[in-house]
Amino acid sequence: MADPWQECMDHCLAVTMEAGKMIREALKKDISIMQKSSPVDLVTETDQKVEALIISSIKEKYPTHSFIGEESVAAGAPSILTDNPTWIIDPIDGTTNFVHRFPFVSVSIGFAVKKEIEFGIVYSCIEEKMYTARKGKGAFCNGAPIRVSEQKDITKSLVLTEMGLRTDPEHFKASMSNIQKILSIPVHGIRCPGSAAVNMCLVACGSADAYYHIGIHCWDMAGGAAIISEAGGVIMDVTGGPFDLMSRRLITASSTAIAERIAQQLQVFPCGRDDTVG
Ligand SMILES: [Mg+2]
């Protein structure tokens, strides 16, 4: 039987290329910055324009499909994953990088049917690296197959996470203490590249061995989740349980041993869910 979602993936690839080009063009001009939930939660006109471009292009072709887009949700759209074919979109993952012209900025799109991710595309558009994965068919960067590292020993691993201001002092403390706990295992180092989707792809291609994060969103993870799984990596909840796309947290790693070791170290603090209506 022909793959029912291949055509969607081909369309996704074309629109992601176009989105990446729009972001590169925007970097040549002045960037005006607006605030979302806090002084460090930034958005630009480009985030909004790129999301509008992606959604309108997909809607035109697939009018019955559903969408969860970061900027649409910020503007009040619901963020509920149903069984309907759903496009989960982060038009710019790494907006802070984008405003500083720090070169890890990506477009991330995951496509889920019956709540299962069928394919993911992450375009690190300054590096011009296009990561793709179709369920059961492997993961690729610019068309070449990618694979996680062989590393199973956490003391020889490079770990990714993200840090930023947290308004709740207790959560801030837990987040900083988690960094200290991981570094003290010890590991070779921690890096914070600034784009969750790129972080997942860095683990997928073996440039890092793990990535953990508490407080991200489904649009940061959906595209990368397909890529990490197809590259032979593991993806789990920060408690060591099964990964939940709407839970706002994850550990990905090259091996179960490394992921579980990180889960043991982490102090989990509440970060809410993406699908709570409120
Ligand atoms: Mg974004």
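Predicted model: local features only at pLDDT ≥ 70, side-chain atom pairs only at ≥ 80, totals over all residues.
Residues are numbered from 1 along each chain as its sequence is written, and side-chain values use heavy atoms, with hydrogens and water left out.

I turn to the magnesium ion. Glu70 (OE), Asp90 (OD) and Ile92 (O) coordinate the ion at 1.9 to 2.2 Å. Donors here are N, O and S atoms within 2.8 Å of the metal (3.2 Å for Na, K and Ca); water is not among the atoms, so sites may look incomplete. Along the chain, the donors follow the spacing E-x19-D-x1-I.

Next, the record. UniProt, in an unreviewed entry, places the feature "binding site" at Glu70 and Ile92. Such positions are given in the numbering used here, feature names are shortened, and annotations may be inferred rather than shown by experiment.

Where does Glu70 lie? Glu70 is in helix α3, residues 70-74; helices are DSSP runs (H or I, at least four residues) and strands likewise (E, at least two), numbered from the N terminus. Glu70 counts as buried at 13% relative accessibility, where buried means under 20% relative accessible area, exposed over 50%, and partly exposed in between (1.4 Å probe, protein chains only).

Ile92, in turn, belongs to strand β4, residues 86-93, and is buried with a relative accessible area of 1%. Leaving aside residues up to four places away in sequence, Ile92 touches Ile23, Thr46, Asp47, Glu70, Phe98, Val105 and Ser106.

Notes
Contact = heavy atoms within 4.5 Å.
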